[in-house]
Amino acid sequence: WSFLYTSVKTRKLQLIHLCIALLITILPLLPSLFTHQGMARFEHVGLFADDGPVMEIVEARTFCTQHFPRILCYADSNKILVYGRNMLNSFVQTISPDYLFINGDNNTVYLDAEHFGNLHYYLLPFYLLGLVYLISTLYSSKKKTFELLILVGFLISTIPAVLTHGPQLVRTSSLLPFL
């Protein structure tokens, strides 16, 4: 609670220390991420490795041009919209109470018990209240540094699940501290 009563100068200094600690933690990992070995798995399970969205676009455009002008069909079915919709769907699945609390990861049966989420049921009200509180800080006139850092960490930690085909227990493990 002392964080709430500190001066603005002290808060900025704490934020700088937090950013430095984050950089020290992440910098050793960055070189290995962008090597061929680091990208090999992403090339197989990544959202852009799948031919399904491209096939969906071709099919939608083919049947759409039979009834509507070509420009409308191309505006409605394109890579930006299809991949954006898939990423949004993966994001919503990742933070959904169904995945986190009720059913969990259905893809890896060996890691999960059936009809049990990754978190306990009794944490669901706290999760929902926390989301409402974090979203309300976005709309408040007085921005709070700590809450914004939690929100940014929450959003960044969903990136592995968003860039693949939805949530999976290992991909969403970085989300746990922010929950």
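Biologist: How many disulfides does the structure hold?
Modeller: This is a predicted model, and a disulfide in it is a pair of cysteine sulfur atoms within 2.5 Å. Cys-64 and Cys-73 are joined in this way, with 2.1 Å from S to S. The number of disulfides in the structure is one.

Biologist: Is the link of Cys-64 and Cys-73 left-handed or right-handed?
Modeller: The two residues of this disulfide are Cys-64 and Cys-73. The angle about their S-S bond is -80°. The link is left-handed.

Biologist: Are Cys-64 and Cys-73 buried or exposed?
Modeller: A residue is called buried when its relative accessible area is under 20%, and exposed when it is over 50%. Cys-64 and Cys-73 both fall in one of these classes, and that class is buried.

Biologist: Where is Cys-19, and why does Cys-19 count as partly exposed?
Modeller: Cys-19 is placed in helix α1. Cys-19 counts as partly exposed because its relative accessibility is 38%.

Biologist: How far apart in space are Cys-19 and Val-152, C-alpha to C-alpha?
Modeller: Along the sequence, 133 residues separate Cys-19 and Val-152. In space, from C-alpha to C-alpha, their separation is 13 Å.

Biologist: What is the radius of gyration of the chain?
Modeller: The C-alpha trace spans about 65 × 40 × 40 Å along its principal axes. A compact globule of 179 residues would have a radius of gyration near 16 Å. For this chain the value is 21 Å.

Biologist: What percentage of the residues in the chain are buried?
Modeller: The chain has 179 residues. To be counted here, a residue needs a relative accessible area under 20%. The buried share is 23%.

Biologist: What share of the contacts with a separation of 6 or more joins residues 24 or more positions apart?
Modeller: A contact requires heavy atoms within 4.5 Å. Among contacts in the chain with a separation of 6 or more, the share from residues 24 or more positions apart is 54%.

Biologist: Which element gives the largest share of the lining of the largest pocket?
Modeller: The largest pocket has a volume of about 1200 Å³. Its lining holds 38 residues, and Ile-26, Ile-156, Ser-157, Pro-160 and Ser-174 lie nearest its centre. Two or more lining residues come from each of α1 (8–26), α2 (30–33), α3 (36–45), α9 (145–156) and α10 (159–162). The largest share, eight residues, is from α1.

Biologist: How many nonpolar residues are in the lining of the largest pocket?
Modeller: The lining is divided by class. It has three charged and 11 polar residues. The nonpolar residues number 24.

Biologist: Which element gives the largest share of the lining of the second largest pocket?
Modeller: The second largest pocket has about 290 Å³ of space. It is lined by 16 residues, and those nearest its centre are Phe-126, Gly-130, Leu-134, Phe-178 and Leu-179. At least two lining residues come from each of α8 (124–139) and α9. The largest share, six residues, is from α8.

Biologist: How many nonpolar residues are in the lining of the second largest pocket?
Modeller: One residue of this lining is polar and one is charged. The nonpolar residues number 14.

Biologist: Why does Thr-158 count as buried?
Modeller: Thr-158 sits in the loop between α9 and α10. Beyond its neighbours within four places in sequence, Thr-158 has contacts with Phe-91, Thr-94, Ile-95 and Leu-175. Thr-158 counts as buried because its relative accessibility is 2%.

Biologist: Which residues does Met-39 contact, leaving aside its neighbours within four places in sequence?
Modeller: Met-39 is part of helix α3. It counts as partly exposed because its relative accessibility is 28%. With those neighbours left aside, the contacts of Met-39 are Leu-33 and Phe-34.

Biologist: Why does Lys-142 count as exposed?
Modeller: Lys-142 is in the loop between α8 and α9. Exposed means over 50% relative accessible area. Lys-142 counts as exposed because its relative accessibility is 62%.

Notes: Residues numbered from 1 in each chain as written. Predicted model: local features only at pLDDT ≥ 70, side-chain atom pairs only at ≥ 80, totals over all residues. Heavy atoms only, no water. Buried < 20%, exposed > 50% of the residue type's maximum accessible area, 1.4 Å probe, protein only. 1 Å grid on protein atoms, 1.4 Å probe; cavity = no way out; pocket = protein on both sides within 12 Å on 5 of 7 lines; lining within 4 Å. Points joined across faces, edges and corners; volume = space filled by probe spheres on them. Helix = DSSP H or I, 4+ residues; strand = E, 2+ residues; numbered from the N terminus. Nonpolar A, V, L, I, M, F, W, Y, C, P; charged D, E, K, R; others polar. Rg over C-alpha atoms; globule rule 2.2 N^0.38 Å.
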